[in-house]
Amino acid sequence: MGAFIVFLLLLPLLTRPAGGAAVCRSCPGPPRNGSIVARYCAARPGTESEGRCCRERGARPERLLGLDLSNCSLHNLPPGLAEAAAAIVLDLTENPLTNLPDGSFLGFTHLQRLAVPLALECPGGSSAWEEVTMSGSGRLCQGQRNPCNGSGELAWPCPENAACAPAGPGLVQCLCDSPFHGYKCLREGTFPVLLFCGILGAVTLALALLLWGTQRRKAKTP
């Protein structure tokens, strides 16, 4: 029973497409000629295209470097966009997008060039980027800044015993310093992993036995 439960928990990870394969095919065709993704990958040796993605070839072929979703008739960001969190360049121009919800680029810490429709602002605001330029129908956001190294508007206070870490354009997270953990990093010492797993396993086993017993009683009832 325990092994079956573990299998069910791991099933989404085992069946998930590697390296953002789903988002690479969310729009037909290869990267468009002239897009910032096509230009970036053409100038970088050791890359190959898969759908609308540009990947690193060789030791880590699963690493996604660029994603071109320009001219894909997108009214909203694709649900699998998070699969492209390792991307360095991303093109969203020529789409009828009306907004970029907060947190859309959570985890995109490597993103250095992002092209969005002219009607939209750069995620995180202009202060989250080194340079913002406008050209034709697009806005190009270049050089993602580290909010933890800034001052004034970009400064982000973390609680005591925690350190600031970037989490995407204009986004930060506070990570507990060792050996602190818990709410606002107020608890000191290592996290009781064995105790937590033991309690979780006992509760899971108890629920499984309860359900098994209930089903047996129902099966015996005429």
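A residue counts as partly exposed when its relative accessible area lies between the buried class, under 20%, and the exposed class, over 50%. In this predicted model, Asn-161 falls into that middle class because its relative accessible area is 23%. Asn-161 sits in the loop between β7 (138-144) and β8 (162-168). Its backbone has a positive phi of about 70°, although the residue is not a glycine.

Asn-71 also has a positive phi, of about 55°, and is likewise not a glycine. The loop that holds Asn-71 runs between β3 (64-68) and β4. With a relative accessible area of 41%, Asn-71 is partly exposed.

Another backbone feature involves a proline. The peptide bond joining Ser-178 and Pro-179 is cis, with omega at about 10°. Pro-179 belongs to the loop between β9 (171-176) and β10 (180-181).

The average pLDDT of the chain is 82, and 81% of the residues score at least 70. Over residues 1-19 pLDDT stays under 50. For that stretch, the model has nine contacts beyond four places in sequence.

Notes:
Residues are numbered from 1 along each chain as its sequence is written. This is a predicted model: local features need pLDDT of at least 70, side-chain atom pairs count only at pLDDT 80 or more; totals for chains, interfaces and linings use all residues. Side-chain values use heavy atoms; hydrogens and water are left out. pLDDT is the predictor's confidence in each residue, from 0 to 100. Contact means heavy atoms within 4.5 Å. Helices (H or I, at least four residues) and strands (E, at least two) are DSSP runs, numbered from the N terminus. Buried means under 20% relative accessible area, exposed over 50%, partly exposed in between (1.4 Å probe, protein chains only).
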